[in-house]
Amino acid sequence: MEIYCTRPNCPRPLNLFSDLDDPTTLKRVSQKYCITCGMPQILRDRYLPLKLLGQGGFGVAVLARDRDTPAMRRCVVKLFKPASDLTPQQLQTAQNLFSREAEVLEELGNQHPQIPELFAFFELNVPSFPPGKQDQFFYLVQEYIDGEDLEEELDRKAKFSENEVLEVLRQILSVLQFVHDRGSIHRDIKPSNIMRDRQGRLYLLDFGAVKQVTKVPSTGGSTGIYSMGFAPPEQMSGSQVYPSTDLYALAVTCLTLLTGKEPKELFDSYTNKWNWRNYASVSDRTANVLDRMLVPTPNLRFQSAQEVLAALTLHQPPQTPPPASISQLAVPPPSTAQPPLSGVAQPPSMPSRRAVGAFSTLELLGNGGFSGMMAGLLGISLHSLLGLSPISIGLGMLILGGLIFAQYRRTIEKVDLLIIGGIGFAIVWFFPFLRAGLAFPDFVILVVGAGLLAIAVTALFRLIYKLLSIMF
């Protein structure tokens with residue numbers, strides 16, 4: 001069995017313990033230690049970390065097994081891992097937010113089926129690596145939701161239909177009504193924080209940014225915890241937040257699902273408005289509901305999740321709110337504002353949908369075909385110029401590696417691949433000394449065949465990865 005070391009600076013976190021493949025040994029062994037850094041591997045003598053799921057601003061999430069349950073129940077272990085450059089005050093704020101997530105999960109997760117349940121919250125003191133002092137780590141163990149988040153689902157689909165978005169709205173509004181009725185505000189709603197399980201049920205995740213709302217109006221502001229583009233003006237400015245703050249973020253989430261575009265692509269900072277209707281085909285009723293949720297002034301939005309649910313079920317389209325005054329609209333656009341609290345701007349979350357190296361299946365296959373075709377062109381031309389030699393092989397691998405790296409960094413993508421591939425094909429064909437006298441049919445078969453082979457290999461590895469993800 002492979003166990004993932006949770007020490008943040010461990011250079012080799014994967015440890016193979018073959019004796020743990022025996023169920024009897026797995027249940028009875030007292031402890032295992034990382035071969036590299038000496039970190040205890042069985043957390044609290046029961047949780048076995050298996051693989052990294054994701055990491056964010058001040059935490060990492062690891063898939064684990066609970067050996068104290070009959071079926072070795074899967075769970076998620078979150079480790080509090082703040083950035084090293086935080087001030088003591090920022091570190092304390094981040095730690096309070098992590099503890100707050102445990103409190104909210106204990107309070108809400110055990111009462112609502114669409115909020116993950118808290119299993120454990122504990123700290124671990126171990127010798128540091130390199131040795132010389134003691135390290136203190138904080139862990140949170142919660143229910144594992146077997147499925148994919150809406151960010152991953154959007155990568156696969158490209159766009160959601162209106163009916164699919166309405167289903168997301170209804171399910172998450174029901175959860176928000178429960179959360180708001182108990183005096184809490186989530187403050188970080190976005191596609192990656194909504195998970196769909198294998199049965200289609202949606203879960204609201206990551207409650208580290210939750211803010212308690214008092215019954216008496218508060219004079220204190222909100223901390224700078226939000227996701228850029230999804231947060232409304234009052235949250236970005238550090239002002240008081242409201243239930244309608246979550247409704248705004250949920251509406252932005254729906255826009256990204258309907259259009260397949262990032263929030264910054266839909267928000268016009270010049271007019272301070274959301275321009276999204278041209279990119280989505282929805283009914284006037286749905287569009288008007290979303291537009292009212294997106295009004296920059298909090299008291300002009302819907303004031304509760306129940307109001308939005310009622311508007312979605314009315315026979316008549318809801319009335320859009322009156323236009324706000326110029327002074328009300330003069331707020332920082334979500335694409336340019338900066339979080340007021342540097343260093344802890346986001347709670348733990350999965351990488352962004354358009355992050356470097358995050359590709360949909362179609363993009364992955366396209367990149368594979370491009371790389372294979374370029375490999376064929378490079379192989380033909382370098383063999384013609386230098387013959388089969390270590391120099392030609394090394395030069396070809398260097399150029400091909402550069403192209404793959406450029407695709408990974410998204411320096412070249414989509415239309416760029418067609419243009420570069422077409423230019424490369426034309427150059428090698430129109431200069432006979434680069435193609436070793438190959439006739440056109442043979443030349444095309446070699447180049448296209450290399451591309452198709454690369455697509456096949458990419459598809460095979462993608463399939464294996466998906467199967468392993470489902471199994472483990």
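**Ground rules**

I am working with a predicted model, in which local features need pLDDT of at least 70, side-chain atom pairs count only at pLDDT 80 or more, and totals for chains, interfaces and linings use all residues. I number residues from 1 along each chain as its sequence is written, and side-chain values use heavy atoms, with hydrogens and water left out.

**Overview**

I find 14 helices and 14 strands in the protein. Helices (H or I, at least four residues) and strands (E, at least two) are DSSP runs, numbered from the N terminus. Of the 472 residues, 48% are buried. I also looked at contacts, meaning heavy atoms within 4.5 Å. Among contacts with a separation of 6 or more, 62% are between residues 24 or more positions apart.

**Aromatic pairs**

My search of the whole structure gives eight aromatic pairs. Rings of Phe, Tyr and Trp (its six-membered ring) pair if their centres lie within 6.5 Å; planes under 30 degrees apart count as stacked, over 60 as edge-to-face and the rest as tilted. Phe122 and Tyr139 are stacked, because their ring centres are 5.3 Å apart and their planes are at 20 degrees. Phe122 sits in strand β6 (residues 118-127) and Tyr139 in strand β7 (residues 134-143), so I note a pair that links distant parts of the chain, 17 residues apart. Ring pairs also join Tyr47 to Phe122 and Tyr139 in a cluster.

Next I checked Trp429 and Phe443, whose ring centres are 5.6 Å apart with planes at 40 degrees, so this pair is tilted. Trp429 belongs to helix α13 (residues 415-430) and Phe443 to helix α14 (residues 440-471), 14 residues apart. Phe443 has a relative accessible area of 0%, so I log Phe443 as buried.

Two packed helices are described by the angle between their axes and the distance between the axes. Axes are lines fitted to C-alpha atoms, for helices over the stretch in contact, and angles run from 0 to 180 degrees between N-to-C directions.

The axes of helix α4 (residues 162-181) and helix α9 (residues 305-313) come within 9 Å and cross at roughly 150 degrees. That makes α4 roughly antiparallel to α9. Angles under 35 degrees count as roughly parallel, over 145 as roughly antiparallel, 65 to 115 as roughly perpendicular and the rest as oblique. The crossing of α4 and α9 is left-handed. A crossing is left-handed if the near helix is turned anticlockwise from the far one by less than a right angle, and right-handed if clockwise. The α4 side of the contact includes Leu166, Leu169 and Arg170, and the α9 side includes Val308 and Leu309. I sort the residues of this contact into eight nonpolar, two polar and one charged. Ala, Val, Leu, Ile, Met, Phe, Trp, Tyr, Cys and Pro count as nonpolar, Asp, Glu, Lys and Arg as charged, and the others, Gly among them, as polar.

Then I turned to helix α6 (residues 243-259), which packs with α4 at an angle of about 160 degrees, their axes 11 Å apart. α4 and α6 are therefore roughly antiparallel to each other. Their crossing is right-handed. Residues of the contact include Val165, Ile172 and His180 of α4, and Asp246, Leu250 and Cys254 of α6. The contact of α4 with α6 divides into 12 nonpolar, one polar and two charged residues.

Most residues other than glycine have a negative phi, and most peptide bonds are trans. I noted a cis peptide bond between Phe129 and Pro130, with omega about -5 degrees. Pro130 is in the loop between β6 and β7. Met72, not a glycine, has a positive phi of about 50 degrees. Met72 lies in the loop between β4 (59-66) and β5 (74-80), and a relative accessible area of 12% makes Met72 buried.

Last, I looked up Glu153 in helix α3 (residues 150-157). At 3% relative accessibility, Glu153 counts as buried. Leaving out residues up to four places away in sequence, Glu153 touches Glu148, Phe160 and Arg196.

Methods:
Buried < 20%, exposed > 50% of the residue type's maximum accessible area, 1.4 Å probe, protein only.
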